[in-house]
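Subject: Handover of a structure and its description

Dear colleague,

Please find below the structure that I am handing over to you.

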Amino acid sequence: MTSNMARHTHSKTKAAPPVPSSRRTSSVTGSVSDARAKTILKEAVDAVVNSFAKHTHGYGRVNVVEALQEFWQMKLARGADLKNGALVIYESMPSTNPPYVCYVTLPGGSCFGSFQNCPTKAEARRSAAKIALMNSVFNEHPSRRISNDFIEKAVEEAKSSFKLPTDTDDTDKSHSGIDAFRFMLESNKGRTMLEFQELMTVFQLLHWNGSLKAMRERQCSRQEVVAHYSHRALDDDMRSQMALDWIAREQESPGVISRELTSAERELEAARLAGRELRFPKEKRDILMLACGQVNTVNGLS
């Protein structure tokens, strides 16, 4: 979460001192590294898409949007447990000028976005389909299936990612979240991570929103919480409930939604351009935008 820092301005401005050569070199090196990373990502995506095309369509240009849909239909036909069928859902961000952005949500709940600078909406859709197809293919590797070894590694990564606070209450909340994460993984052994993504996102949101802590305070067991939310879809009702929680926080601490939304948008943008899975940051942003819209509507009527 970021806060705006007040800056003092003066009527007379001084010329900025020259940038040290070492700092200029560092800036250039960072730009080169970013460009190289984007090139490597594009090459990797293209390689996987082309390989998939050769094995399924023969040589020639592949329609990645069709290929992605066919991939998930093939998984469904082979017995994959997909609650909502094999439908792949695209969402284009409203914009009148490029670059255009498109997100794609896969049947298991994972979300990816266009990772290139796209001059048209059609190109943005293809870019999102490419990165989603690459991840769908990689997801078939045995290392992506939830096993005992996978659980241990995932839990250790979750522990290291927590910046455990000194405040006892917040520390308990963090440990409770990790324990729930482990229990949830153990309850889904044998599934792949993309198939498990929606359920994991639900619990990430519950932790972010403070709902897991509230349920723990009501003496709900991890088993009860997981059993309840395992059968709940991440739908408009759940988003609306979480938005109401943030509206309540806004009344106690004005500006909190705006600050959290700014942070969520930055996180989503960085993850999208890096080609990472986006469901959690995107849902956070959508929930906060919903809350922000309702607050603005109420303020406009008052």
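I begin with one loop. Proline 99 is placed in the loop between strand 1 and strand 2, where strands are DSSP runs of E with at least two residues, helices are DSSP runs of H or I with at least four, and both are numbered from the N terminus. The peptide bond that leads from proline 98 to proline 99 is cis, with omega near 0°.

Before going further, please note the conventions. This is a predicted model, in which local features need pLDDT of at least 70 and side-chain atom pairs count only at pLDDT 80 or more, while totals for chains, interfaces and linings use all residues. Residues are numbered from 1 along each chain as its sequence is written, and side-chain values use heavy atoms, with hydrogens and water left out.

Overall composition

The chain has 11 helices and 3 strands. Read from the N terminus, its elements run α-α-β-β-β-α-α-α-α-α-α-α-α-α. Of its 302 residues, 40% count as buried; buried means under 20% relative accessible area, exposed over 50%, and partly exposed in between, with a 1.4 Å probe and protein chains only. Among contacts (heavy atoms within 4.5 Å) between residues at least 6 apart in sequence, 62% join residues at least 24 apart.

The 3 strands form an open sheet in the order 1-2-3, with antiparallel pairing; two strands pair if DSSP finds at least two bridges between them. Strand 1 (89–92) and strand 3 (111–113) are at the edges with a single partner strand each, so one side of each has no neighbour in the sheet. On average, neighbouring strands of this sheet are turned by 20° against each other, direction ignored.

Strand 1 and strand 2 are joined by 4 bridges, and glutamate 91 has tyrosine 103 of strand 2 as its bridge partner. Strand 2 (residues 102–105) is joined to strand 3 by 3 bridges. Tyrosine 103 has glycine 113 in strand 3 as a bridge partner, and threonine 105 is partnered by cysteine 111. The hairpin of strand 2 and strand 3 has 5 residues between the strands, and in it glycine 109 takes a positive phi near 105°.

Cysteine 111 of strand 3 is buried, with a relative accessible area of 0%. Not counting residues up to four places away in sequence, cysteine 111 touches several residues, among them Val104, Arg276, Leu278 and Lys282. Its C-alpha atom is separated by 9.6 Å from that of tyrosine 90, which is 21 residues away along the chain.

Helix packing

Helix 3 (residues 121–138) lies across strand 1, strand 2 and strand 3, and runs at about 135° to strand 3. Axes here are lines fitted to C-alpha atoms, for helices over the stretch in contact, and angles run from 0 to 180 degrees between N-to-C directions.

Helix 3 also packs against helix 2 at an angle of about 35°, with the axes 8 Å apart. Their crossing is left-handed, a term for the near helix being turned anticlockwise from the far one by less than a right angle, whereas clockwise is right-handed. The residues that meet include Leu68, Phe71 and Trp72 in helix 2 and Ala129, Leu133 and Val137 in helix 3. By class, this contact has 10 nonpolar, 1 polar and 3 charged residues; Ala, Val, Leu, Ile, Met, Phe, Trp, Tyr, Cys and Pro count as nonpolar, Asp, Glu, Lys and Arg as charged, and the others, Gly among them, as polar.

Helix 2 (residues 64–77) contains lysine 75. This lysine 75 is buried, at a relative accessible area of 9%, and touches Ala80, Glu140 and Glu195, leaving aside residues up to four places away in sequence.

The axes of helix 6 (residues 193–209) and helix 9 (residues 236–252) come within 11 Å and cross at roughly 15°. That makes the two helices roughly parallel, a term for angles under 35 degrees; over 145 is roughly antiparallel, 65 to 115 roughly perpendicular and the rest oblique. The contact includes Leu205 and Trp208 of helix 6 and Met242 and Trp246 of helix 9.

Glutamine 219 lies in the loop between helix 7 (211–217) and helix 8 (222–229). Although not a glycine, glutamine 219 has a positive phi of about 65°, and at 67% relative accessibility it counts as exposed.

Yours sincerely
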